[in-house]
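Thanks for asking me to look this one over. Could you keep the coordinates open while you read my notes?

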Amino acid sequence: MVLTHLSLTNFRNFSRLDMDVPPGTVLLVGSNAQGKTSLLEAVYMLATSSSFHAENDRQLIHFNILAEEIAVARIVGRFQRNGGSHTLELRIIQEREGFSGQKVRKEVLYDGVKQKLSEAVGHFNAVLFLPQMSPNMALPGSRGSLLAACSLSSSGSASFPRRSRSGPCTRSSQSRSTAISSSWESISGWS
Ligand SMILES: Nc1ncnc2c1ncn2[C@@H]1O[C@H](COP(=O)(O)OP(=O)(O)OP(=O)(O)O)[C@@H](O)[C@H]1O
Ligand SMILES: [Mg+2]
């Protein structure tokens, strides 16, 4: 199972992100507060419909739209599984309740068809590693050293191609890995 495309709309600090996920192991590199962890959080949410570090679902919706009548954060992942391409969409919706109340609910669509959250679990799988799970995962290097965004080819030569203004870039190698999301998360722990 391989994630091939990720779209975020009003999720955390991403007003809008559309990215093709390169094949192989992917490293996310970016300066602080660019959204590396948020991006991994989005991938993990496709698998579980819940966040690994938000205290509540409202925190997942971009601050800028929280005052709107209906505020929706959207995570859309396209992935390959068993030879087929599938789409999973998770919506986090804040809407008015009563005169002054608000409630936040979630919707999930698998290949465009609404499903119960419990039914959607299992379509897309992710493995999460957090630094606090093991002291052995602590990696050397200061945050400041991660300011450069680069991609590494399989030969190890570095280039500095694409870096979005608002988000982190990806660093990929040609060696294939089915554990893209786990790699991403371990890098998040590094930053
Ligand atoms: N709901 C939200 N709306 C807008 N911005 C948010 C929201 N939630 C978090 N943020 C901001 O998103 C930014 C990205 O946070 P994130 O933790 O993903 O960055 P990071 O790249 O992992 O940073 P670090 O290198 O410090 O780990 C932070 O500035 C955070 O304050
Ligand atoms: Mg982080």
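1. First, the ground rules. This is a predicted model, where local features need pLDDT of at least 70, side-chain atom pairs count only at pLDDT 80 or more, and totals for chains, interfaces and linings use all residues. Residues are numbered from 1 along each chain as its sequence is written, while chains are lettered from A and ligands numbered from 1 in the order in which they are written.

2. I would like to keep both stretches in mind when reading the totals below.

3. For the overall layout, the chain has three helices and ten strands. Helices (H or I, at least four residues) and strands (E, at least two) are DSSP runs, numbered from the N terminus. Along the sequence the pattern reads β-β-β-α-β-β-β-β-α-β-β-β-α. Of the 191 residues, 30% count as buried; here buried means 20 or more other C-beta atoms within 10 Å of the residue's own, exposed means 12 or fewer, and partly exposed is in between, with C-beta atoms placed from the backbone. Among contacts with a separation of 6 or more, 63% come from residues 24 or more positions apart.

4. Six strands make an open sheet in the order 2-1-4-5-6-7, with antiparallel pairing; two strands pair if DSSP finds at least two bridges between them. Strand 2 (14-20) and strand 7 (113-115) are the edge strands, each pairing on one side only. On average, neighbouring strands of this sheet are turned by 20° against each other, direction ignored. Those angles use axes that are lines fitted to C-alpha atoms, for helices over the stretch in contact, and run from 0 to 180 degrees between N-to-C directions.

5. At one end of that order, strand 1 and strand 2 run antiparallel and are joined by six bridges. Phe-11 stands opposite Phe-14 in strand 2. The two strands form a hairpin with two residues between them, and Arg-12 in the turn has a positive phi of about 50°.

6. How many bridges join strand 4 to strand 5? Strand 4 (residues 70-81) and strand 5 (residues 84-97) share twelve, running antiparallel. Within this pair, Ala-73 stands opposite Ile-92 in strand 5.

7. Strand 5 also runs antiparallel to strand 6 (residues 101-110), through ten bridges. Glu-97 lies in strand 5 and stands opposite Gly-101 in strand 6. Glu-97 counts as exposed because 11 other C-beta atoms lie within 10 Å. Not counting residues up to four places away in sequence, Glu-97 touches Gln-102 and Lys-103. The hairpin of strand 5 and strand 6 has three residues between the strands, and Gly-98 takes a positive phi near 70° there.

8. Moving on, strand 6 and strand 7 pair in the antiparallel sense over three bridges. Val-108 has Gln-115 in strand 7 as its bridge partner. This hairpin has two residues between its strands, and Asp-111 in the turn has a positive phi of about 50°.

9. Leaving aside neighbours within four places in sequence, Glu-107 is in contact with Arg-91, Ile-93 and Lys-114. Glu-89 is 18 residues from Glu-107 in sequence and 8.1 Å away in space, C-alpha to C-alpha.

10. Last, the helix and the ligand. Helix 1 (residues 36-48) lies across strand 1 (2-11), strand 2, strand 4 and strand 5, running at about 110° to strand 1. Ligand 1 is surrounded by 16 residues, the closest being Asn-13, Ala-33, Lys-36, Thr-37 and Ser-38; a residue is near a molecule or strand if its C-beta atom, placed from the backbone, lies within 6 Å of it. Helix 1 gives the most to this shell, with three residues. By class, the shell has three nonpolar, eleven polar and two charged residues, where Ala, Val, Leu, Ile, Met, Phe, Trp, Tyr, Cys and Pro count as nonpolar, Asp, Glu, Lys and Arg as charged, and the others, Gly among them, as polar.

Definitions and conventions: Two residues are in contact if their C-beta atoms, placed from the backbone, lie within 7 Å.
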